[in-house]
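This briefing goes through one protein model by topic. Keep the sequence and the 3D view open while reading.

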Amino acid sequence: MNRREFLKSALTVAVPGSVTRIVAQEGSNGDHFSEEGDRQIARRRYKDTEMTLPLLGFGLMRLPQKNGKVDYPTAEAMVAKAMKAGCNYFDTAYMYHNGESEKFVGQALSKYPRDSYFLVSKMPIVMMNSEADNARIFNEQLARMRAGHFDFYFLHWLNAAHWEKAQRIKTLEFMKKMQSEGKIRRLGFSFHGEPEILKKIAEAYPWDLVQIQLNYLDWELCRSGEQYGVLTELGIPVSIMEPLKGGTLVSLTPEAKKVFEQANPDVSIASWGLRYAASLPNVQVVLSGMSAPDQLEDNLKTFSPFKPLTDAERQTVAEALMAYRKSGAVPCTGCKYCSPCPAGVDIPRNLALHNQVKGGVPLFHAKLVYDAMGEEERASNCVHCGVCRKKCPQQINIPQFMAEITEEFR
Ligand code: SF4
Ligand code: SF4
């Protein structure tokens with residue numbers, strides 16, 4: 001099957017067929033502290049090595065919060081539970097929780113042997129201005145995480161502009177130097193953009209792992225399917241972020257949820273999205289930004305044992321997607337990369353209210369919340385400068401939606 005045929009079939013049936021490289025229950029890094037009888041999640045072999053990574057990775061972008069701060073006791077208990085189940089791949093970044101995520105994971109993992117987990121972080125190209133920033137930020141990260149080295153280290157949030165900047169400030173050269181010094185094991189990047197740019201970056205270096213956003217909504221919308229195809233053709237394993245689109249594919253709409261519930265009332269809505277991503281054979285790890293113990297519990301269940309989607313289940317996903325699209329909801333993940341708006345508009349909140357209405361919340365209920373927001377935070381305060389639009393990884397036409405929401409809540 002050539003690339004065009006592959007992508008066409010993937011789009012038609014939602015995901016390609018069987019997974020051939022799952023190594024369920026196989027021991028690796030996490031074996032020595034698991035106890036007999038513990039539920040262990042499925043693992044997948046990394047390339048042709050003996051190393052396996054868990055199919056479910058712990059994303060640390062949405063940690064549990066208490067009084068506006070990371071809730072350490074709850075989050076540490078979640079890490080302990082994840083480790084016990086073999087979910088030992090932890091993905092953080094300099095920017096997550098304004099640096100608290102890296103600090104937290106440094107503390108939480110310090111009690112485990114260093115070879116019992118995989119630690120991943122990222123260089124925040126968007127926040128950097130000069131070559132000197134490479135060492136300054138990297139050393140800060142090493143100190144925060146106290147782990148000695150990163151198992152994978154990524155250029156964060158690449159697109160055409162950020163790749164150009166990374167080259168200008170020689171970040172990849174710096175990362176290669178750190179690798180030669182043993183501070184990084186493997187190199188990669190996370191990406192938000194068009195497949196054409198992805199191909200250009202992916203061909204520029206023999207990357208070990210690349211992180212893209214992929215889920216059943218974005219397969220076409222953000223051309224994730226094409227991105228997956230580009231990386232697969234180049235033989236680069238894929239890490240998946242936003243498999244549930246920041247929770248969008250959990251809340252969905254009543255109609256879309258009904259499709260899933262009718263197909264199988266015994267599994268969670270989230271499990272469909274995670275299985276969709278993990279069913280792709282070149283996917284190495286699927287990240288879930290778990291922010292509560294029940295989410296972790298449910299995800300562990302989904303991956304122990306992991307079952308790829310059947311043809312009938314792919315059809316169910318396609319039907320749910322069709323129902324969701326009809327609602328007119330905006331695919332906002334709540335990531336806040338668009339913020340702050342120079343005019344003070346609370347963009348994610350306005351979009352969330354709009355989505356609530358599309359999901360069946362009565363307009364007057366949502367309007368009560370809208371009217372209670374500060375005047376400058378409301379969509380009506382948008383001056384259509386377009387600044388936010390360039391920053392949104394989901395390519396949402398934010399100014400247009402602000403105009404629509406203004407009318408909706410007038
Ligand atoms: S387009 Fe509107 S919402 Fe976006 S940054 Fe400008 S004023 Fe803010
Ligand atoms: S509008 Fe875009 S950038 Fe802003 S929170 Fe939503 S998905 Fe993120």
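Lys336 sits in the loop between α14 and α15. The model is predicted.

**Lys336 and another lysine with positive phi**

- Lys336 is not a glycine, yet its phi is positive, at about 70°.
- Lys336 counts as exposed because it has 12 C-beta neighbours inside 10 Å, and a residue with 12 or fewer falls in that class.
- Lys245 also has a positive phi, about 50°, and is not a glycine either.
- Lys245 lies in the loop between β12 (238–241) and α10 (248–251).
- Most residues other than glycine have a negative phi, and most peptide bonds are trans.

**Cis peptide bonds**

- The peptide bond that runs from Ser304 to Pro305 is cis, and its omega is near -5°.
- Pro305 belongs to the loop between α13 (293–302) and α14 (311–326).
- Ser339 and Pro340 are also joined by a cis peptide bond, with omega about 0°.
- Pro340 is in the loop between α14 and α15, and Lys336 is in the loop between α14 and α15 as well.

**Ligand 1**

- Ligand 1 is surrounded by 15 residues.
- Which residues are the closest to ligand 1? They are Cys341, Ala343, Cys382, Cys385 and Cys388.
- Two elements, α17 (387–391) and α18 (398–408), each give two or more residues to the shell around ligand 1.
- The element that gives the most to this shell is α18, with three residues.
- By class, the shell around ligand 1 holds 13 nonpolar residues, two polar ones and no charged ones.

**Ligand 2**

- There are 15 residues around ligand 2, and the nearest are Cys332, Cys335, Cys338, Pro348 and Cys392.
- Which element gives the most to the shell around ligand 2? It is α15, with three residues.
- The shell around ligand 2 divides into 10 nonpolar, three polar and two charged residues.

**Helices α15 and α16**

- Helix α15 covers residues 347–358 and helix α16 covers residues 363–372.
- The axes of α15 and α16 come within 9 Å and cross at roughly 170°.
- Angles over 145 degrees count as roughly antiparallel, so α15 and α16 are roughly antiparallel to each other.
- In this contact, Leu353, Gln356 and Val357 of α15 meet Leu363, Ala366, Val369 and Tyr370 of α16.
- The residues in the contact of α15 with α16 are six nonpolar, one polar and no charged.

**Domains**

- The domain assignment of the protein gives domain 1 as 3–324 and domain 2 as 347–408.
- Taken over C-alpha atoms, the centres of domain 1 and domain 2 are 29 Å apart.
- Six residues from domain 1 and six residues from domain 2 take part in the contact.
- The side of domain 1 that touches domain 2 has two nonpolar, four polar and no charged residues.

**Met123**

- Met123 is part of strand β8, residues 118–123.
- Met123 is buried, because 26 other C-beta atoms lie within 10 Å.
- How far apart are Met123 and Leu155 in sequence and in space? They are 32 residues apart in sequence and 5.0 Å apart in space, from C-alpha to C-alpha.
- Apart from neighbours within four places in sequence, Met123 is in contact with Tyr94, Ile137, Phe138, Leu155, His156 and Thr171.

**Ala108**

- Ala108 is in helix α3, residues 100–109.
- Ala108 counts as buried because it has 23 C-beta neighbours inside 10 Å.
- Not counting residues up to four places away in sequence, Ala108 touches Ala75, Glu76 and Val79.
- Ala108 and Leu231 are 123 residues apart in sequence, and their C-alpha atoms are 33 Å apart in space.

Terms used
Residues are numbered from 1 along each chain as its sequence is written. Chains are lettered from A and ligands numbered from 1 in the order in which they are written. This is a predicted model: local features need pLDDT of at least 70, side-chain atom pairs count only at pLDDT 80 or more; totals for chains, interfaces and linings use all residues. Domain bounds come from an automatic or database domain assignment. Two residues are in contact if their C-beta atoms, placed from the backbone, lie within 7 Å. Ala, Val, Leu, Ile, Met, Phe, Trp, Tyr, Cys and Pro count as nonpolar, Asp, Glu, Lys and Arg as charged, and the others, Gly among them, as polar. A residue is near a molecule or strand if its C-beta atom, placed from the backbone, lies within 6 Å of it. Helices (H or I, at least four residues) and strands (E, at least two) are DSSP runs, numbered from the N terminus. A residue is buried if 20 or more other C-beta atoms lie within 10 Å of its own, exposed if 12 or fewer, and partly exposed in between; C-beta atoms are placed from the backbone. Axes are lines fitted to C-alpha atoms, for helices over the stretch in contact, and angles run from 0 to 180 degrees between N-to-C directions. Angles under 35 degrees count as roughly parallel, over 145 as roughly antiparallel, 65 to 115 as roughly perpendicular and the rest as oblique.
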